[in-house]
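Colleague: Could you put the model up on the screen and talk me through it? I would like to ask things as they come to mind.

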Amino acid sequence: MMLSGDTAMLKVDSWLILGLFAQFLFFMRFFIQWIISEKKGKSIIPLGFWYLSICGGILLLIYSIHKEDPVFILGQSMGTIIYSRNLYLIYKNKKISDTN
């Protein structure tokens with residue numbers, strides 16, 4: 001399906017939908033972090049933030065590989081590693097505190 005304006009045309013396909021969905025997941029992580037921080041009255045990074053980061057990051061990585069964008073590929077690759085490491089540390093510390 002093609003949407004056209006005066007000067008540009010936008011091709012709506014499954015890749016565009018994937019990219020938009022991935023961006024939506026990335027937006028939701030900030031939205032959730034903001035809502036929870038407002039409720040607590042201080043800056044909080046909830047567990048869901050990291051899961052949305054990983055999901056959004058992986059989907060954006062797939063999209064950027066399809067678009068062959070090396071800057072985007074590098075950024076999403078590094079981000080996904082960092083998000084995964086944060087979740088590992090959270091669960092590692094939770095496991096240690098549960099055994100004490």
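Colleague: What do the buried residues of α2 pack against?

Modeller: The buried residues of α2 pack against α1 and α3, where packing is a matter of contact, meaning heavy atoms within 4.5 Å. Buried here means under 20% relative accessible area, while exposed means over 50% and partly exposed is in between, with a 1.4 Å probe and protein chains only. Please keep in mind that this is a predicted model, in which local features need pLDDT of at least 70 and side-chain atom pairs count only at pLDDT 80 or more, whereas totals for chains, interfaces and linings use all residues. Residues are numbered from 1 along each chain as its sequence is written, and side-chain values use heavy atoms, with hydrogens and water left out.

Colleague: Which residues of α2 are buried, then?

Modeller: The buried residues of α2 include Phe49, Trp50, Leu52, Gly56, Gly57 and Tyr63. The helix labels come from DSSP runs numbered from the N terminus, with helices (H or I) of at least four residues and strands (E) of at least two.

Colleague: How far does α2 reach?

Modeller: From its first C-alpha to its last, α2 reaches 30 Å with its 21 residues, close to the 30 Å expected at 1.5 Å a residue. That expected span is 1.5 Å times one less than the number of residues in the helix.

Colleague: And what follows α2?

Modeller: Glu68 follows α2, and its phi is positive, near 55 degrees, in a residue other than glycine. Glu68 sits in the loop between α2 and α3, and it counts as exposed because its relative accessible area is 67%.

Colleague: OK, on to α3. How does that helix start?

Modeller: At the start of α3, a side-chain oxygen of Asp69 comes to within 3.2 Å of the backbone nitrogen of Val71. This is a polar contact, a pair of N or O atoms within 3.5 Å; within protein, one must be able to donate a hydrogen and the other to accept it, and residues adjacent in sequence count only if both atoms are side-chain atoms. The helix itself has 30 residues and reaches 44 Å between its first and last C-alpha, close to the 44 Å expected. Gln76, Gly79, Thr80, Tyr83 and Leu87 are buried in α3, and the buried residues of this helix pack against α1 and α2.

Colleague: How many salt bridges does a search of the whole structure find?

Modeller: The search finds one, a salt bridge being a side-chain nitrogen of Lys or Arg within 4 Å of a carboxyl oxygen of Asp or Glu. The partners are Lys94 and Asp98, whose side chains meet at 3.6 Å, N to O. Both lie in α3, four residues apart, which is about one turn of the helix.

Colleague: Let's switch to α1. What do its buried residues pack against?

Modeller: They pack against β2 (9-11), α2 (47-67) and α3 (70-99). Gln33 is found in α1 and is buried because its relative accessibility is 18%. A polar atom of the Gln33 side chain lies 2.9 Å from the backbone oxygen of Ile44. Leaving aside neighbours within four places in sequence, Gln33 is in contact with Ser43, Ile44, Ile45, Pro46 and Phe49.

Colleague: And Ser37, what does it touch?

Modeller: With neighbours within four places in sequence again left aside, Ser37 is in contact with Lys42, Ser43 and Ile44. Ser37 is also found in α1, and it is buried, with a relative accessible area of 12%.

Colleague: Which residues form the nonpolar patch on the surface?

Modeller: Phe21, Phe24, Phe27, Phe31 and Trp34 form it, with about 530 Å² of accessible area together. Accessible areas come from the Shrake-Rupley method with a 1.4 Å probe, and for residues only the protein chains shown count as cover. Patches are made of residues with over 30% relative accessible area and no salt bridge, joining like charges within 9 Å and nonpolar side chains (Val, Leu, Ile, Met, Phe, Trp, Tyr) within 5 Å. Phe24, in α1, counts as partly exposed because its relative accessibility is 45%.
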